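Keep the viewer open as you read.

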Amino acid sequence: YYTAYAYFDNITDALAVYNLPVSFLNFLRFIIVFILGFVIGLLIIISMKRGEKRNYFDIKTFLIVGCIPAISLMLYKTGMVNLVVTRLFNSSLTISELAFYFFSRETVWTIWLGISMGASVRLKLKPPGKKFKHQILD
């Protein structure tokens with residue numbers, strides 16, 4: 001996490017000469033954190049050494065683990081949280097602050113979404129069990 005942000009500062013310094021819009025830099029930060037989470041989730045699955053018979057993406061695991069961060073990101077980025085707090089709770093200060101602090105942690109939601117995406121990838125890492133004539137058979 002800290003490494004990604006350390007590289008992100010170097011990347012933004014290098015891109016500063018191009019006068020890129022802030023929204024693109026925010027999207028770049030989102031993608032970097034998402035890729036970091038994906039790699040972490042993939043390393044978790046690879047370290048488990050599951051015996052998969054084929055390569056596939058486990059959509060059930062992704063839907064179970066990744067629905068909370070995906071919904072949280074969508075609610076926060078679209079402004080639906082503010083609309084719900086205003087309409088249902090009449091702009092109560094404590095509920096507004098609670099919703100803001102809960103949903104505004106987009107880096108946490110992004111890395112969680114990346115980890116769930118990486119953990120949903122199933123890889124077959126063992127080569128096919130072909131036996132050749134020159135191999136010693138057990």
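Start with threonine 110, which is buried, with a relative accessible area of 2%; buried here means under 20% relative accessible area, exposed means over 50%, and partly exposed lies in between, with a 1.4 Å probe and protein chains only. Threonine 110 sits in helix α6, where helices (H or I, at least four residues) and strands (E, at least two) are DSSP runs numbered from the N terminus. Leaving out residues up to four places away in sequence, threonine 110 touches Phe30, Val33, Phe34 and Leu73, a contact being heavy atoms within 4.5 Å.

A word on what you are looking at: this is a predicted model, in which local features need pLDDT of at least 70 and side-chain atom pairs count only at pLDDT 80 or more, while totals for chains, interfaces and linings use all residues. Residues are numbered from 1 along each chain as its sequence is written, and side-chain values use heavy atoms, with hydrogens and water left out.

Now step back to the whole chain. You will find six helices and two strands, and along the sequence they follow the pattern α-α-β-α-α-α-α-β. Of the 138 residues, 26% count as buried. The accessible surface comes to about 10,300 Å², with 67% of it belonging to carbon and sulfur atoms; these areas come from the Shrake-Rupley method with a 1.4 Å probe, and for residues only the protein chains shown count as cover. Among contacts between residues at least 6 apart in sequence, 82% join residues at least 24 apart.

Let's return to α6, which covers residues 106-119. Its 14 residues should span 20 Å at 1.5 Å a residue, and its end C-alpha atoms are 20 Å apart, which agrees; the expected span is 1.5 Å times one less than the number of residues. How much of α6 is buried? The count is 10 of the 14 residues, so the helix is largely enclosed by the rest of the structure. Among those buried residues are Trp109, Ile111, Leu113 and Gly114.

Serine 116 is another residue of α6, and at 1% relative accessibility it counts as buried. Apart from its neighbours within four places in sequence, serine 116 is in contact with Phe62, Val65 and Gly66. Serine 116 and glycine 66 are 50 residues apart in sequence, yet their C-alpha atoms are 5.4 Å apart in space.

In soluble globular proteins, nonpolar side chains tend to be buried together. Here the largest nonpolar core has five residues, namely Phe34, Phe62, Leu73, Trp109 and Leu113. The elements giving two or more residues to this core are α3 (59-78) and α6. A nonpolar core is a set of buried Ala, Val, Leu, Ile, Met, Phe, Trp, Tyr and Cys residues joined through side-chain atoms within 4.5 Å. Leucine 113 touches Phe34, Phe62, Gly66, Pro69, Ala70 and Leu73, again not counting residues up to four places away in sequence.

Charged side chains come next. A salt bridge is a side-chain nitrogen of Lys or Arg within 4 Å of a carboxyl oxygen of Asp or Glu, and by this rule there are two. In one of them, arginine 29 meets glutamate 106 at 2.8 Å, N to O. This pair links distant parts of the chain, with arginine 29 in helix α2 and glutamate 106 in helix α6, 77 residues apart. Lysine 77 also forms a salt bridge with glutamate 106, with the closest N and O atoms 3.0 Å apart. Lysine 77 lies in helix α3 and glutamate 106 in helix α6, so this pair ties together parts that are 29 residues apart in sequence. Through shared partners, Arg29, Lys77 and Glu106 join into one network. Are its members buried or exposed? Glutamate 106 is buried at 14% relative accessibility, arginine 29 is partly exposed at 23%, and lysine 77 is exposed at 53%.

Finally, follow α2. Its 27 residues reach 39 Å from first C-alpha to last, close to the 39 Å expected at 1.5 Å a residue. The buried residues of α2 include Val33, Phe34 and Gly37. Just after α2, lysine 49 takes a positive phi of about 50°.
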